[in-house]
Structures are given as C-alpha cells and as structure tokens.
Amino acid sequence: MMVLSMAGIPGLLFFLLLLLCVFGHVSPYEASWKPTWPAYRLPVVLPQSTLNLAKPDFGAKAKLEVSSSCGPQCHKGTPLPTYEEAKQYLSYETLYANGSRTETHVGIYILSSARPGAQHRDSGLSRSSRRKRQIYGYDSRFSIFGKDFLLNYPFSTSVKLSTGCTGTLVAEKHVLTAAHCIHDGKTYVKGTQKLRVGFLKPKFKDSGRETNSSNSATPEKMKFQWIRVKRTHVPKGWIKGNANDIGMDYDYALLELKKPHKRKFMNIGVSPPAKQLPGGRIHFSGYDNDRPGNLVYRFCDVKDETYDLLYQQCDAQPGASGSGVYVRMWKRQQQKWERKIIGIFSGHQWVDMNGSPQDFNVAVRITPLKYAQICYWIKGNYLDCREG
C-alpha cells in the first residue's frame, strides 16, 4: 500500500482528483429496486502536529440561530478551496474537561494499492447558513412517547446536550452534534467545560421514592440521565470562519464521553447525492424547545443541495440543532438494510431565490473528507475508516 500526499496540487486539480476518486468507485444501483449505499473509496486525514493553546474563557452564549444571505446558487458558485485551504479547514481544536485545549494540524492523503479492492476518495467545500427553525404550513413533527419506542433504535440514539441542543450516538463513547452548540465561531459556549449529555430513561415512582426497578413500579414518565463529556473536537473550518460564511459548511463537532453509554449507536456514512436518497427524503429526531422533554421525529424531502449542504423544509424548532440526519438503504456487502447518519442538522436560512426570499432548514453533509476526519476522531486509526 502506498500513501500519496496531495501537497503542491492547486485547488481545482486537487478536487478534480478527489471527485475522480469518489465517483470512480461508486457502485451503481444495479437492476434492483433497493436504494443501495454507494461503495466509496476514501481519502485519509491524519494529524501532523499538535500545539497547546491557552484556556478559553467559555464566555459565549448558546446561540442557536444564525443567518446568511448566501443560498444554494451562491454557494454553488463559491470557488473550491485549494489543498492548503482544505487542510486548514480540516485541522481541528480539541477541548478537554480540565479546560485545556490543543490545535491539531492535519495532512490529506490518498491511498494507492496494487489490490483492486483498495480504497480512495475525497471531498470538496462550499457554504451556507441558517437562522431560526420554522414550521412550514401544517406541523408534520411527531412526538415520540413510551419507553418501548424511546429506548429502542433508532430513537434511542438521540441524546440531549446540556447547552440545549441535540446529539446522536455514533460510537460507544462518542456523540455527533453541531459545532455551534458548543462554540460560537470565536470562543466556547458558557457551560461547555462542564458539558453533559442526557439519555432518556424511564422514571419510576414507588411509595413516593424514585427507583430504577421495574418490578414493583409503574413507569410514569421519562427523565434524563447525564454523562459528562471528556473532550470535544471542532474543525478549524468552523472556528476560522463564522456562521455567516464558509464556517457553515463545518458546523459539526464530536464529543467523547467519560464512560460508555451502553446503547446501540448509528454509524456515520458519506452523504449520497439527493437523487440517490430513498424517495429523496431524510429523517432526524431532536429535542425541539417548544416540546420540552419530548423527543420529536420528522422526515421531509430534500429541496436542493450543494457539495457540503442539504436544503430541506423539515419542520423544526431550536433545540433540534445537532440532530443526526439519516437515511436507510441497502448494504450490499452485508446483504442487509442499514441506517446511517449522512449529515448534521444545523438550522434555518433565508435564501434569495430569483429576487424573492425563501427559507430552508439546512443540514451539513458528511462529505468524504469529513467522514475521514470524524471517523479518525472516533477510531484513532485510518485503517478502520476505509468504508463510507
């Protein structure tokens, strides 16, 4: 196996090579009715150097509304980043529970192998934004009730952040969420140093006392059990930019818990083109602020897309930010259906469409490079991140 660096390659050529790696190895649907997960070959995003940074002041307010006038056409016309810019955006900051933080610079590589089954691939970049979550006509959200649903997959993968957002379980100790839930683009949100993740559990009452035993008690309602976060990763594309500019493309973060959560989690996957999604539709569940304590599920059609963003009109309210956007497709190798997270719900955006304002809710797509980065954060080994 040979590792090829992309250093010295200009922006357009860099991304043409990346796209060739991606689409040159995408398996077609075949003559089957089943919507099938494409087989991608992935790039590698590896740490190159790490620097210690001063402790942040944790002074930012949790701001769940961001706006931008740059819509799908605006972002589609944005110049592609160069290789050096891509490395800069994918470098990341790590915050630890003791308040210390580091900055890690990365390299981007393509793996070459003599074996026909070896893997490549890559990404690109774009832009976008949002403002506040909104209801489009009839409210199509569903509140999920009853422990038989809430404690079972896929709803059990949704968790609540102590800063007010939603996250999704993507590994035994990892939660994927939106970057703006913990960082405003300049500094960390107040409360992030003691960030916790809440898991819904049945709340029982027995003779006036709360107990976890179901033998002598009747479930009355659900409550949150909280686990502290050990460290967080935020891409520099979010920190360097801002929520009104290219930073929107990098509105994602990964949280590592102090202990395993012991629940089934949902794998991440590279976002296929919208036309390949089953029915052109996406799904996500979150803790919308207008329904306190309730997990709210919704699905809707994708209206437009850029390389980094999905535009849709799923009904949502503040608090749903950070929810994992997922689809269910056929996995040919294992011969089974599998749900995967293909994006992170970010928020609301007003868009100028041919001179008239139109609003969308926006989700950040998991591109090949973002997949390689997030997977490495989870696994710590690029060899375990060769399938998207």
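Cys-181 counts as buried because its relative accessibility is 1%, where buried means under 20% relative accessible area, exposed over 50% and partly exposed in between, with a 1.4 Å probe and protein chains only. The model is a predicted one, in which local features need pLDDT of at least 70 and side-chain atom pairs count only at pLDDT 80 or more, while totals for chains, interfaces and linings use all residues. Residues are numbered from 1 along each chain as its sequence is written, and side-chain values use heavy atoms, with hydrogens and water left out.

The partner of Cys-181 is Cys-165, and the two form a disulfide with their sulfur atoms 2.2 Å apart, the criterion for a disulfide being a pair of cysteine sulfur atoms within 2.5 Å. This pair links distant parts of the chain, 16 residues apart, since Cys-165 sits in the loop between strand E6 (158-161) and strand E7 (166-169), whereas Cys-181 sits in the loop between strand E8 (174-177) and strand E9 (196-206); helices (H or I, at least four residues) and strands (E, at least two) are DSSP runs numbered from the N terminus. The link of Cys-165 and Cys-181 is left-handed, with -90 degrees about the S-S bond, and Cys-165 is buried because its relative accessibility is 0%.

By the sulfur-distance rule the count comes to three disulfides. Another of them joins Cys-300 to Cys-314, S to S 2.0 Å, and its ends lie 14 residues apart, with Cys-300 in strand E15 (residues 295-305) and Cys-314 in the loop between strand E16 (309-312) and strand E17 (324-331). The link of Cys-300 and Cys-314 is left-handed, with -100 degrees about the S-S bond. Cys-300 is buried with a relative accessible area of 11%, and Cys-314 is buried at 1% relative accessibility.

Cys-375 and Cys-385 also form a disulfide, with their sulfur atoms 2.1 Å apart. Cys-375 lies in helix H6 and Cys-385 in the segment after H6, so this pair ties together parts that are ten residues apart in sequence. Their link is left-handed, with -90 degrees about the S-S bond; Cys-375 is buried at a relative accessible area of 4%, and Cys-385 is buried at 3%.

The largest nonpolar core has 63 residues, of which Leu-90, Leu-176, Val-197, Tyr-252, Leu-255, Ile-268 and Ile-374 touch the most other members; such a core is a set of buried Ala, Val, Leu, Ile, Met, Phe, Trp, Tyr and Cys residues joined through side-chain atoms within 4.5 Å. Helix H6 (residues 368-379) gives the most to this core, with seven residues. Apart from this core lies another, of 17 residues, among them Leu-277, Cys-300, Ala-320 and Ala-363. Leaving aside neighbours within four places in sequence, Leu-90 is in contact (heavy atoms within 4.5 Å) with Val-45, Val-106, Ile-108, Tyr-250, Tyr-252, Leu-369 and Gln-373.

The loop between E8 and E9 also holds His-183, which is buried because its relative accessibility is 1%. Not counting residues up to four places away in sequence, His-183 touches Glu-93, Tyr-188, Val-189, Trp-238 and Ile-239. The side chain of His-183 reaches the backbone oxygen of Thr-187 at 3.5 Å. The C-alpha atoms of His-183 and Ala-62 are separated by 8.0 Å, although these residues are 121 residues apart along the chain.

Note on methods. Polar contact = N/O pair within 3.5 Å; in protein donor to acceptor, adjacent residues only side chain to side chain.
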